[in-house]
Amino acid sequence: AMARLPMLLVVGLGQLLQELVAGGCPGSLEFAGYGQVATVSADWDAPGSRASAAQVEQRLAMVGEDEIVPDIILRPRLGSRTYCADACNGSMFSNKPQFLALRLLGKTLKYITDISGAGCGCDAKLYLAPLQQNTQPSNCHDYYCDASGICGVTCAEIDVQEANQHAWHTTLHTAADLPGLALGVGGLVSRPWNETDYGIGGRCIDTSKPFQVLVSFPIHSGSGVLAAVNVTLSQSDHNCALELWHDRYSVSGKDGLAELSAVLAAGVTPIISYWASDGLQWLDNAGKCDPKTKNHCSSTVGFSAFSVEEIQRKPPPCQRCPVGFCEQELDGNCRWFSGEWFKGLESYHCKVTDCKDVPSGSKMSSCWHWHDVPYYSVSDRYFPCKEAEQQSLHERARFVRTTSNPALHIKGDSRESHNYGSTNKAPSEQPNNASHSSGGRPPFLLVLALVVVGIVAAKGAVFAYERLFLGRGPDVQAYTAFPCDVLTHDTFGQCASALACSIDLKSLGGSSSVASARQTTPSPDVSDSCAESALRAADNA
């Protein structure tokens, strides 16, 4: 042992010298879609408390069978806080760091995280804050700010990841909202997932192994304002992913998403920290944390494979209701009702036209009503998706809802259409019906489509005849036949039916049943009353 002592001293001195030379600059990361990004270690994690330094580890990784590429991993040490920057100038006492200001509104940030050593009482965190816009040096002397004001300066904060092996929180904070709004699993949070989905040996995310994080910031197509914060966790050797949507966020009666939208548009700095505490019950009190095992944290965690890209259009969502259609999340997927108010009643809510349509089965409830609308519940979260052919009518109805007259869009409605990028990929699961035709005969769906086109053309001719020669317009009720019958579940009622059939609302005049409900004399424009009717219907839904 004594013979090895000089060698150990040399290695230790070499590592110390390397840290002294590097100062607060651990190294650079590659953000695909953006470029090279410097990292800056904070000198203080709180006033009077020195912070640890992070490391940037470079190694070679195998891609496929014969390609070797460099793999760069940021490894924050316990007690460290690391900023992403355009450049690192060493000491932060002389000048303000050149913080990276990523404009992420309408974009997606991806990375891989390895929290396999972060047990109970540990918090491996990646968050976004407007450091470049902050003009106050703070009590940590590095222009740092966050929602809690730990260094004396408060600002908005988006916690993409606050996590350990047993818990995950994604939390939104405006500058005036210290508690924030959190979703995830573990502690004091609304839980779209559970400990079976996420954790050591988890069914979807096994936290003993690295996994990918994707956070998207979709915008309303009309206003360009942030519509939601969408986080998806996935793992290459698992066939399910975990997803959460922050699409409603109100702070003292104000729209919190609107404030965060301005912050994201101006540019935010990714910040990565790793710390431990005995007081993290708000994060990891998930039933898996024994108080005796608190603060069993590895010395480092890992973050790698960063990229910034446009939001990609997703394939048609999974329809979990075998009959009827489910209540939907912002992305169109069926909403899983859970949390404190639905404890013991977790399920999908399926809307039907009549109670006699409710299917029977061990995972199906009996018929129930909400605002006089019949529903039933599906208590199996992973109930098989309805076949694509069965979803087609519903998808057409969703298309009408998101592309109809802007007058029918309720201001601030989270179901307004969104900009998901320009890429339009065909769903891989969509069947190629043409390939199943035999003997050169036209496929059934093609024949059906031709029949529908013929019917619509005939109705169009009748409409033109009535408008041009008889001087009157048809009642909207006459146009609720196919293809408008798919909209019977839609809150926009007659207005959406008219739009689906390409009827010009301005031409309906006094003959419209919607208009006649409001006035007895013909009007040159009933669009306002139609929109008013839609708003009333939406309020009553």
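Glu157 counts as buried, at 4% relative accessibility; buried means under 20% relative accessible area, exposed over 50% and partly exposed in between, with a 1.4 Å probe and protein chains only. This is a predicted model, where local features need pLDDT of at least 70 and side-chain atom pairs count only at pLDDT 80 or more, while totals for chains, interfaces and linings use all residues. Residues are numbered from 1 along each chain as its sequence is written, and side-chain values use heavy atoms, leaving out hydrogens and water.

Back to Glu157: you'll find it in strand β11, residues 157–164 (strands are DSSP runs of E, at least two residues, and helices are runs of H or I, at least four, numbered from the N terminus). Its side chain makes a polar contact with the side chain of Lys125, at 3.1 Å. Such a contact is a pair of N or O atoms within 3.5 Å; within protein, one must be able to donate a hydrogen and the other to accept it, and residues adjacent in sequence count only if both atoms are side-chain atoms.

Now the disulfides. Taking cysteine sulfur atoms within 2.5 Å as a pair, the count comes to 9. Here are some of them.

| Pair | S to S | S-S torsion |
|---|---|---|
| Cys204 and Cys240 | 2.1 Å | about -120° |
| Cys318 and Cys385 | 1.9 Å | about -110° |
| Cys326 and Cys334 | 2.1 Å | about -80° |

With its torsion of about -110°, the Cys318 and Cys385 disulfide is left-handed. Cys318 sits in the loop between β23 and β24, and Cys385 in the loop between β28 and α4, so the pair ties together parts 67 residues apart in sequence. Cys318 is buried at 16%, whereas Cys385 is partly exposed at 38%.
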